[in-house]
Amino acid sequence: MKTPVTRPILLVVTPFAAEALAPAREHFEIVEWRALPDAAVFLRERGGRVVAMITNGMAGVPANCRDTLPNLAVIACNGVGYDAIDVPWATARGIRVSNTPDILSGDVADLAVLLALAAHRRLPQADRFVREGQWQAGPFPLARRFWGSRVGILGLGRIGRLIARRAAAFDTQIGYCGRKPQDVPYTYFGSTDALAEWADVLIVATPGGPDTRHLVGRETLRALGGDGVLVNVARGSVVDQSALIEALGDGTLGAAGLDVFEDEPHVPPALTGSDRVVLTPHIASATVQTRRAMAELVVENLTRHARGLPLATPVN
């Protein structure tokens, strides 16, 4: 009688397209973390077989997995941001980490400009105005134009550069703030507040994590001003959400376009009920083409690891 072959396990922590996992099934047994009836039992009885993990930059590694997966060797992050993954911890344990850079940058840049346009021209409000029959009672109030404005970009990385290129097509002036000046035809500002003071619209495209937590706070919003617009397509943690709500409420800030929030998917009533805010549910990279390409890259990294090859997009 043959002894059953025990295969290494790929633990899928966050939602992931089942069809995209097909190439990984050659190398791993697939286990869905969310479908486990008892995670503690799984970790105790089968945790030693887990060698690979799929997660994202917000979920990271579940706390009860950190010390219960002794053979975990690779973490594939389904996204460019990996701020919830403790990379120094992974590196110290010899765990390889990968992400999906570049693929989603264009989509995020598209949404950033879309939110800026929608907030300036009050697009959601105009849509409701027509749908609710208010047009019959009179014209829609005047909005503010986006073209020709001064666009400040906080974080001129891959995404920030694409935002700048798109915004420049609207005959805008581009300024930016980052760790250091870059060789670009845009105006550099040495601080977030200085950039906000100059800008008509401030677009947040910096990485998340402890280093950028509440980088945009009360002083920055005050500098942006009562006619200013804040757009955030980065991480909710970068903006002090309480300060933002206060600034929108008292008119310190003109408007905002937000794709990310501090406690997703929970959005405060002060934001959902505000007529000064355009809201989207963290969908900057949520296109069919991009999500498919991201999933393929995640699985490519896992299969390369299984074959003993270098990762396609290593983080550490």
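Why does Q241 count as buried? Its relative accessibility is 11%, and buried means under 20% relative accessible area, with exposed over 50% and partly exposed in between (1.4 Å probe, protein chains only).

Before the close-ups, a word on the model: it is predicted, so local features need pLDDT of at least 70 and side-chain atom pairs count only at pLDDT 80 or more, while totals for chains, interfaces and linings use all residues. Residues are numbered from 1 along each chain as its sequence is written, and side-chain values use heavy atoms, with hydrogens and water left out.

**View 1. Q241 and its neighbours.**
Let's stay with Q241, which sits in helix α8 (residues 241–250). Helices here are DSSP runs (H or I, at least four residues), strands are runs too (E, at least two), and both are numbered from the N terminus. Leaving aside residues up to four places away in sequence, Q241 touches F261, E262, P268 and L271. Contact means heavy atoms within 4.5 Å.

**View 2. The seven-strand sheet.**
Seven strands make an open sheet here, in the order β8-β7-β6-β9-β10-β11-β12, with parallel pairing. At the edges stand β8 (187–188) and β12 (277–279); each has a single partner strand, so one side of each is left without a neighbour in the sheet. What counts as pairing? Two strands pair if DSSP finds at least two bridges between them. Strands of a sheet pair through backbone hydrogen bonds, either parallel or antiparallel.

**View 3. Zooming in on β11 and β12, with helices on the sheet.**
Strand β11 (residues 255–258) pairs with β12 in the parallel sense over three bridges, and A256 stands opposite V277 in β12. Helix α8 packs on this sheet, touching β10, β11 and β12, and its direction makes about 140° with that of β11. Helix α3 lies across β9, β10 (229–232), β11 and β12, running at about 150° to β10. For these angles, axes are lines fitted to C-alpha atoms (for helices, over the stretch in contact), and angles run from 0 to 180 degrees between N-to-C directions.

**View 4. The buried residues of helix α5.**
Which residues of α5 are buried? In this helix (residues 158–168), they are I159, G160, L162, I163, A164 and A167. The cover over these buried residues includes α3 (105–121), β6 (150–154), β7 (173–177) and β9 (201–204).

**View 5. An aromatic pair, F146 and F170.**
A search of the whole structure finds four aromatic pairs. One of them is F146 with F170, an edge-to-face pair at 5.3 Å centre to centre with 70° between the planes. The pair links distant parts of the chain: F146 is in the loop between α4 (123–131) and β6, F170 is in the loop between α5 and β7, and the two are 24 residues apart. Rings of Phe, Tyr and Trp (its six-membered ring) pair if their centres lie within 6.5 Å; planes under 30 degrees apart count as stacked, over 60 as edge-to-face and the rest as tilted. F146 is buried, with a relative accessible area of 3%, whereas F170 is partly exposed at 29%.

**View 6. Arginines over tryptophan rings.**
R66 lies over the face of W89, 4.5 Å from the ring centre. R145 lies over the face of W147, at 4.1 Å from the ring centre. A charge sits over a ring if NZ of Lys or CZ of Arg is within 6 Å of the ring centre and within 35 degrees of the ring normal.

β4 and β5 pair in the parallel sense over three bridges, and the bridge partner of I75 in β5 is V97.

**View 7. T68 in its loop.**
T68 lies in the loop between β3 (50–55) and β4 (74–77). At 30% relative accessibility, T68 counts as partly exposed. Not counting residues up to four places away in sequence, T68 touches L43 and G47.
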